[in-house]
Amino acid sequence: MVNKARNKEIDDCWDLFLNSAAEEIAYQNFAAIYDLCINDLLAYGISMGFDEDTCRDAAQDVFCNLFTKRRQLKDVSSLTAYLFCSFRNNIFNIYKKTSKFSDFDVTRLPFATEVTVLDTLIGDEERALLKSTVETMLNQLTPRQREAIYLRYMQNMNYGEIATLLGMNAGSVRKLVYRSIRSLRQQAKDSDNPLTILVLLWIFTGPA
């Protein structure tokens with residue numbers, strides 16, 4: 001889900017990390033970026049089916065390069081997109097080096113998503129049922145559709161950023177997301193649980 005305040009905090013830290021003349025301030029903001037982003041990167045890698053140790057190795061490389069090459073990254077406008085793209089490339093490179101299979105098709109990765117529902121919204125029993133219902137709906141999408149939905153609505157990336165990340169063009173990403181949403185809306189209409197639509201609205205729009 002989109003968290004605008006969190007995204008602004010990341011952008012502010014990124015600006016200070018890049019432009020601060022004081023090394024101590026730069027380091028403090030680098031540490032803040034790490035704390036704000038590491039769990040999202042690990043969750044993304046695990047969602048693609050990789051084990052936690054591999055995800056941590058890939059993420060470590062990303063942050064090491066971020067720190068050592070910061071003077072070369074002045075043109076990076078979206079840190080989140082940059083981190084996810086670097087992480088994705090790193091984890092695929094690790095996989096290719098250790099895999100016995102030479103023909104690695106990233107579109108066949110079993111991308112998994114997990115739905116979080118507001119604790120104050122409904123009771124425990126209905127929350128568990130609703131969570132299961134929405135995750136079943138998401139599982140009706142293709143792995144690539146689930147990944148696009150995750151990046152667009154849970155990481156707040158624009159279509160161009162997602163296109164770069166997935167090796168597609170922006171128009172194709174837009175169609176992919178549109179068809180995914182259309183499928184989910186149709187499934188929501190067919191659901192016996194009216195709160196399903198509310199949860200989908202929460203995913204696609206975030207908190208007010």
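Which residue just after α7 takes a positive phi? The legends below, drawn from a predicted model, include the answer.

**Figure 1. Overview of the protein chain.** The protein chain holds nine helices and zero strands. Of its 208 residues, 43% are buried. Among contacts with a separation of 6 or more, 68% are between residues 24 or more positions apart. The accessible surface of the protein chain is about 11,800 Å², and carbon and sulfur atoms contribute 50% of that surface.

**Figure 2. The buried residues of helix α7.** Helix α7 spans residues 159-166, and its buried residues are Y159, I162, A163, L165 and L166.

Figure 3. At the start of the helix, a side-chain oxygen of N158 comes to within 3.1 Å of the backbone nitrogen of G160. Just after α7, the residue with a positive phi is G167, at about 70°.

Figure 4. S78 sits in the loop between α3 (52-68) and α4. With a relative accessible area of 19%, S78 counts as buried, because the cut-off for buried is under 20%. A polar atom of the S78 side chain lies 3.3 Å from the backbone nitrogen of A81. The side chain of S78 also makes a polar contact of 3.1 Å with the side chain of E161.

Methods
Residues numbered from 1 in each chain as written. Predicted model: local features only at pLDDT ≥ 70, side-chain atom pairs only at ≥ 80, totals over all residues. Heavy atoms only, no water. Buried < 20%, exposed > 50% of the residue type's maximum accessible area, 1.4 Å probe, protein only. Helix = DSSP H or I, 4+ residues; strand = E, 2+ residues; numbered from the N terminus. Polar contact = N/O pair within 3.5 Å; in protein donor to acceptor, adjacent residues only side chain to side chain. Contact = heavy atoms within 4.5 Å. Areas by Shrake-Rupley, 256 points an atom, 1.4 Å probe, with all protein chains shown as cover.
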